[in-house]
Amino acid sequence: MLVLVAPGQGAQTPGFLTDWLALPGAADRVAAWSDAIGLDLAHFGTKADADEIRDTSVAQPLLVAAGILSAAALGDISGIAPGAVAGHSVGEITAAVFAGVLDDTAALSLVRRRGLAMAEAAAVTETGMSALLGGDPEVSVAHLERLGLTPANVNGAGQIVAAGTMEQLAALTEDKPEGVRKVVPLKVAGAFHTHHMAPAVDKLAEAAKALTPADPKVTYVSNKDGEAVASGTEVLDRLVGQVANPVRWDLCMETFKELGVTAIIEVCPGGTLTGLAKRALPGVQTLALKTPDNLDAARELVAEHTQA
């Protein structure tokens with residue numbers, strides 16, 4: 001069984017959209033999205049530097065656009081026929097497009113509002129996120145709580161992402177939990193999926209009222225608890241609430257396993273989620289769509305893992 005996944009914020013790198021825009025029709029499609037949301041996605045995906053695309057209000061729409069574009073290059077979702085879809089953090093909006101819950105324009109409008117609201121919330125206090133590599137999850141979570149930090153992403157495969165103020169994160173660097181090899185600051189501009197994002201929830205809820213979600217056409221696995229969600233309305237409600245609540249990617253991967261996953265394809269800019277899967281789901285084939293050069297191998301994987 002094939003699972004199609006979409007990465008979250010921090011996966012972006014300068015120029016990562018350049019090769020994808022060279023594909024037939026891609027530039028026109030991105031231009032239309034840019035006009036719809038008032039953001040020059042092509043510029044930010046090809047010419048902007050790392051600091052520019054670190055901006056939450058830019059990074060989030062850029063990642064969703066890249067995910068949709070790369071999946072479309074792979075093939076029509078009905079032809080790809082994944083057994084399940086999921087996304088990490090903002091990637092959940094990309095996955096909602098894959099599942100048919102939202103169309104691409106609605107998704108990009110929603111993520112534009114999401115990025116702006118979260119950037120505004122992040123501006124109130126200087127906050128950030130850092131990944132903990134290694135260690136025992138229970139020990140690490142207890143240690144983070146003592147420092148006043150939130151385990152904002154529980155990613156599985158020995159990785160937890162802490163979020164909080166820059167002072168709290170600095171204290172974590174000096175005082176790592178037992179067994180943690182390294183603390184790595186992430187390329188994000190706020191303590192996402194924590195109480196610091198609470199102001200963004202109301203604004204996103206207001207934006208969501210204008211949307212009419214459809215029920216998922218394929219199994220949609222939620223970051224909230226790793227559960228499959230069958231209602232489009234519930235998917236949308238979870239997308240709103242998840243902004244201020246931890247991402248449980250570990251539970252999503254457990255669900256993939258229970259569903260019988262045999263292969264995972266991560267859309268552009270892939271790499272992070274397939275890396276986690278290699279450690280947490282041994283024996284599952286993985287492929288990251290980093291550039292269009294990966295498309296042929298991805299199509300072969302699709303054919304192999306979606307046969308009746």
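This note walks through a few features of the structure above, point by point.

1. Some ground rules to begin with: this is a predicted model, in which local features need pLDDT of at least 70, side-chain atom pairs count only at pLDDT 80 or more, and totals for chains, interfaces and linings use all residues. Residues are numbered from 1 along each chain as its sequence is written, and side-chain values use heavy atoms, with hydrogens and water left out.

2. Which strands pair with β9? β1 pairs with β9 in the parallel sense over 4 bridges, and 4 bridges also join β9 to β10, again running parallel. Two strands count as paired if DSSP finds at least two bridges between them.

3. Now follow the chain through helix α14. β9, α14 and β10 make a right-handed β-α-β unit; a crossover is right-handed if, with the strands pointing away from the viewer, the path from the first strand over the helix to the second runs clockwise. In the loop between β9 and α14 you will find Pro269, and the peptide bond from Cys268 to Pro269 is cis, with omega near -5°.

4. What covers α14? This helix spans residues 272–280, and its buried residues are Leu273, Thr274, Gly275, Leu276 and Ala277. The elements that cover these buried residues include β1 (2–6), β4 (150–156), β5 (159–165), α13 (249–259), β9 (263–266) and β10 (285–288).

5. β4 is mostly covered, with 7 of its 7 residues buried. β4 and β5 pair in the antiparallel sense over 5 bridges, and Asn153 has Val161 in β5 as its bridge partner. The two strands form a hairpin with 2 residues between them. Ala157, in the loop between β4 and β5, has a positive phi of about 55° although it is not a glycine. Ala157 counts as partly exposed because its relative accessibility is 29%.

6. Ser89 lies in the loop between β2 (84–87) and α7, and its phi is near 60°, a positive value in a residue other than glycine. Is Ser89 buried or exposed? Ser89 counts as buried, because its relative accessibility is 11%.

7. Finally, the helix pair α5 and α7. Two packed helices are described by the angle between their axes and the distance between the axes. Helix α5 (residues 56–74) and helix α7 (residues 91–98) pack at an angle of about 35°, with their axes 9 Å apart. Axes are lines fitted to C-alpha atoms, for helices over the stretch in contact, and angles run from 0 to 180 degrees between N-to-C directions. In this pair, Leu63, Val64, Gly67, Ile68 and Ala71 of α5 meet Ile93, Thr94, Val97 and Phe98 of α7, contact meaning heavy atoms within 4.5 Å.

Terms used: Buried < 20%, exposed > 50% of the residue type's maximum accessible area, 1.4 Å probe, protein only.
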